[in-house]
Amino acid sequence: MIQRTLLAAILLCVLALPGLTADRFIILQSTTSTANSGLLDEILPKFTAASGITVRVVAVGTGQALKNARNGDGDVLLVHATTAEQAFVADGSGVARHDVMFNDFVVVGPADDPAAIAGSADVLDALRRIAAATAPFASRGDDSGTHKKELSLWASAGIDPVAHSGAWYRETGSGMGATLNTAVGMAAYALTDRATWIAFANKADFKIVSQGDKRLFNQYGVILVNPARHPHIKADDGQAFIDWLLSAPGQAAIAAFRKNGQQLFFPNAGRP
Amino acid sequence: MQEALEALGLAGRLIVSMDGDVLEIVALSLQVSLTAVAVSCLIGLPLGALLAMTRFRGRNVLIVLNNALMGLPPVVVGLAIYLAISRAGPFGVFGLLYTPTAMIIAQTVLVLPIVTALARQTIEDLNAEYDDYLRSLGLGIGGRLRTLLWDGRTGLITAAIAGMGRAIAEVGAVIIVGGNIDHVTRVMTTAIALETSKGELALAMALGIILMAISLALNAATHALRGDAMRRMYA
């Protein structure tokens, strides 16, 4: 009796599972900033309306997204670590890389600004002052695009923060939002992309303390995962998404996205 | 405090308004976890009973192993299943990654050891009491197993409840193999993780309150069922 009831329950559950094979979809391996800021929620329905293709978004750090895509667990990659993306194409994992849009990184910190960097336009100078003051700094520490950028900035500033890991330099090993939550919790500085920062809801007394340095430029690129390496990749539908993203309507949709009245991403497809 | 009150209010509003997205997430959570628990019971209850009723070399090793597996970290299970069903993995051809089926598999791996261990415990006590009697009736191993499982059903429900508690609450495994895809593999716990990472702490907590309310309702329902069964048993 119990077993028959259980069997019936299982059958019901399995039959009720969403019809996964019915609709036409692609899997997009993307970074947390594009998903958490709300950009993808805004533009993907427009693509679906135009093409009939649904986009399933897996939002993880750029490092994990590249790894997943390398395993063939995604049709299209939308991330922000140009050097790693070029390597991804060069080793045959991806077909081609295209610029899609950009925004910039900012350094955020507590209102009392213990390292006195507020208003600094030279990000390297700001980082040096944080290190000199041994003020807490929360790093992603997760091999994401933002983490790679942060490490390259520290290297340019001539500082090895990892030597101070656990002291004033704190690697959270988490996504952007989780790292911002941690930074706010322990009054630490952090590097974040502007889109995530503007959309972030738990800012407390935090504000942007350094911005505007051209080193803080943040380029997003899109890549079709190589169907020659993974035969199940939906190359046609994936390419259709990339073409749309780079087309006038796709670029306009990106430019039209606003959060709290501010534009978060600036389309720049096809420009050198 | 402000945040907690806001969360309570928000939870109330979400429940009252029957928000479509929230309903979908709740439904998928229940579907995935209930299926995982049902599969675990189908395998784990007879397995636990067999472990309780038989004596063989290596039995103690199996029991210790079974008990140890109850403490499997969900994130490790998620990672192992990911490696197995990734397109680059041995079962990649089935295309299971980022589907509810993958989530059910992961949660079954987590729940099965719990159901098996608790079933073994329950049936072991019953077996000590009734084994001679059942044998004297000339019942074979299959007949004894069925009888003991039926007689131990109230204790076995506790095993299922413990398994359900583990399944519905875990986030580490389903976020890796499900991918937290909106409208496809987003469940209560992954939605809570997402809202937390967006800094929407009140909304995340509101979802947490709903999750706890569902858990409470499920437990109340099984408790009532069990009370009913007990009364009929001793009537």
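Okay, let's start in the middle: the largest nonpolar core has 135 residues, and the members that touch the most others are A:Val76, B:Ala102, B:Ala106, B:Val115 and B:Val177. This core takes at least three residues from each of two domains of chain A, domain 1 (22-102 + 219-267) and domain 2 (104-216). Those domain bounds come from an automatic or database domain assignment. By nonpolar core I mean a set of buried Ala, Val, Leu, Ile, Met, Phe, Trp, Tyr and Cys residues joined through C-beta atoms within 7 Å. Buried means 20 or more other C-beta atoms within 10 Å of the residue's own, exposed means 12 or fewer, partly exposed is in between, and the C-beta atoms are placed from the backbone.

Quick housekeeping. This is a predicted model, with local features needing pLDDT of at least 70 and side-chain atom pairs counted only at pLDDT 80 or more, while totals for chains, interfaces and linings use all residues. Residues are numbered from 1 along each chain as its sequence is written, and chains are lettered from A and ligands numbered from 1 in the order in which they are written.

What does B:Ala102 touch, leaving out residues up to four places away in sequence? The list is B:Ile81, B:Ile85, B:Leu96, B:Leu97, B:Val177 and B:Gly178. A contact here is two C-beta atoms, placed from the backbone, within 7 Å.

Now chain B as a whole. Its secondary structure is 10 helices and zero strands. Helices are DSSP runs of H or I with at least four residues, strands are runs of E with at least two, and both are numbered from the N terminus. The C-alpha trace of chain B spans about 65 × 50 × 30 Å along its principal axes, and 43% of its 235 residues are buried. Take the chain B contacts between residues at least 6 apart in sequence: 78% of them join residues at least 24 apart.

The expected span is 1.5 Å times one less than the number of residues. Buried residues of α7(B) include B:Leu156, B:Gly163, B:Met164 and B:Arg166.

Then there's α5(B), residues 100-136. A straight helix of its 37 residues would reach 54 Å at 1.5 Å a residue, but the end C-alpha atoms are only 47 Å apart. Where does α5(B) bend? At B:Tyr130, by about 55 degrees, taking the angle between axes fitted to the seven residues ending there and the seven starting there. Just after α5(B), B:Gly138 has a positive phi of about 80 degrees.

Over to chain A, and strand β4(A), residues 94-109. β4(A) pairs antiparallel with β9(A), residues 217-225, over eight bridges, with A:Arg97 opposite A:Ile223. Pairing needs at least two DSSP bridges between the strands. β4(A) is also antiparallel to β7(A), residues 189-193, over four bridges, where A:Val107 partners A:Leu191. Three bridges join β4(A) to β8(A), residues 207-210, again antiparallel, and A:Val108 has A:Ile208 as its partner. Finally, β12(A), residues 266-267, pairs antiparallel with β4(A) over two bridges, and A:Met101 faces A:Pro267 there.

Last bit, the interface. 30 residues of chain A are in contact with 26 residues of chain B. On the chain A side, α1 (2-16), α2 (32-36), β2 (54-59) and α8 (176-185) each supply at least two residues. α1(A) gives the most, with seven residues.
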